[in-house]
Amino acid sequence: MMSRSKFSFALAALLLLPSCTSDEGQKHDTAEAQDSIIAGLADPFVSDVIGVGEKHLSQDFWVQAAVGDTAASGALLSGSEISAMNAESIDTDPTMFDLGSFPDMLSGDEVRARLRSISNVPSYPRIYMNGNTVSEADFAAYEASLNMDGIADEVPLRFALAVRRTPMRTYPTMDRLFSEGADNFDIDRFQESTLFPADVVAVLHESADGAWYLVQSYNYIAWVQKRDLATGPREAIFDYKAADRFLVVTGAKVHTVYNPELKAVSEVQLDMGVHLPLDRPAALAHNLYGQNPYLSHMVVLPTRLDDGSLEFRHALIQRNQDVHIGYLPFTEENIIRQAFKFLGERYGWGHSYNGRDCTGFVSEVYRSMGILLPRNSGDQGKSVIGSNIRFEKDTTRAAKEDALRGAKVGDLVYFPGHVMMVLGHDGGVPYIIHDVTGLNYLGDNGAIYRGTLNGVSITPLFTLQSSTERTYVDAVYAVKSIR
């Protein structure tokens, strides 16, 4: 392998090759240019994020800071306490559901109400990516696709498992709509969330073209393409989800092992928090799809047959992948290390761009430790999960800063439309890790600096500005501690 210094010289020589001649002056200029390029390659950490140095991008720095205050490796909650908390959350939070307790039938009025909780013509103008306005006729077509007349007085429920990562949409369409005057096309207003492989849903309704299902997951309702779901017997699905021995994906993304025999379970992407039953039957113990599985974990994945029905099949995940048997212990160290696995991932509104947004980020970190949260930041901020500090409208900035100086690792900080996770403190200042688009702070000249983050980023909290006069802290309305 070429060393960095050798690489630097080689690159400099390659870039400057066209200007090399036998002229001594030219040689001198070339040498100076080489020195400049080499110096550029060796530049120290450079960033426009105020208050962030290279040390802040090291997870070990934050783990060590946590250890200095508490036993960061000690469990904040036990597995049984987490299970009880999840049960209480589902029982008390109107946006979370125990799908296993759903009835076999819903009234047509109930289905229509659930549908209208997600699918409605927006009150603000929308445009397509080409700049054309979404017309009333366009919205009438989207409305017709809902198949409202197809909702019977009594609707029998079906249940399904996602067989791959798939988007959850406002309407049954992959058309992308944006706010009028949008200066970028990152935020698709029809993108709501995402299902991951093995996520269970209740199927409530079908689109007019028969290509989409309206589904309810444990924390969201939206439209999903039928091709990405497999419907099956209710009992079989919930037995599958209740398996005692399971593997949890603890990396940002891992993939099942390639196999040439069954595409449905070959190189399937699995995001953080996905959990799959472990199973190694004797008949497959020494050969699965032409490979000895002893170097891999053998899991069970849902697959979709041609008629849309569910079939469980075995798949392999290499033992060297970032996975864990059972949920990770809920510790401060694990919170930090899990959050860091997303560092630098591109921001994806509603999990678009094969990424995630601010609530998806914190939810997947906590999900890897078995903790369930509401989908949207507003619902999270209002929920009774954990211990909550809620600020009144007239709470002063100083009072909020005092409260935030006492925030612990993993605490969630909310202001309208956004959630941030406390990473720790440095010099008495709380630092946060969050999936965020913009970067605003006051420059030395007193004017606001507007930069771009557009990814999972680390920033100090107190220096962030919403505007010249208003800070992020001014807008914070709640701090949630799950411990």
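Where is G150 found? Read on for the loop, then the sheet.

## G150 and its loop

This is a predicted model, and in it G150 lies in the loop that runs between α6 (136–144) and β3 (154–156). With a relative accessible area of 43%, G150 counts as partly exposed, because that value falls between the 20% and 50% cut-offs.

G150 also has a distance worth noting: its C-alpha atom is 9.6 Å from that of G108, and the two glycines are 42 residues apart along the chain.

## The six-stranded sheet

Further along, six strands make up an open sheet with antiparallel pairing, in the order β19-β24-β20-β21-β22-β23. The edges belong to β19 (387–390) and β23 (448–460); each has a single partner strand, so one side of each has no neighbour in the sheet. From one strand to the next, the twist averages 35 degrees.

Take β20 and β24 inside that order. Strand β20 (residues 412–415) runs antiparallel to β24 (residues 478–481), and three bridges join the two. Across this pair, V413 sits opposite V479 in β24.

## A helix on the sheet

Helix α8 (residues 332–340) packs on this sheet and touches β21 (418–426), β22 (429–442) and β23. The direction of α8 makes about 120 degrees with that of β21.

The chain's mean pLDDT is 91, and 90% of its residues reach 70 or more.

How values were computed:
Residues numbered from 1 in each chain as written. Predicted model: local features only at pLDDT ≥ 70, side-chain atom pairs only at ≥ 80, totals over all residues. Heavy atoms only, no water. Pairing = 2+ DSSP bridges. Helix = DSSP H or I, 4+ residues; strand = E, 2+ residues; numbered from the N terminus. Axes fitted to C-alpha atoms, helices over the stretch in contact; angles between N-to-C directions. Contact = heavy atoms within 4.5 Å. pLDDT = per-residue confidence, 0-100. Buried < 20%, exposed > 50% of the residue type's maximum accessible area, 1.4 Å probe, protein only.
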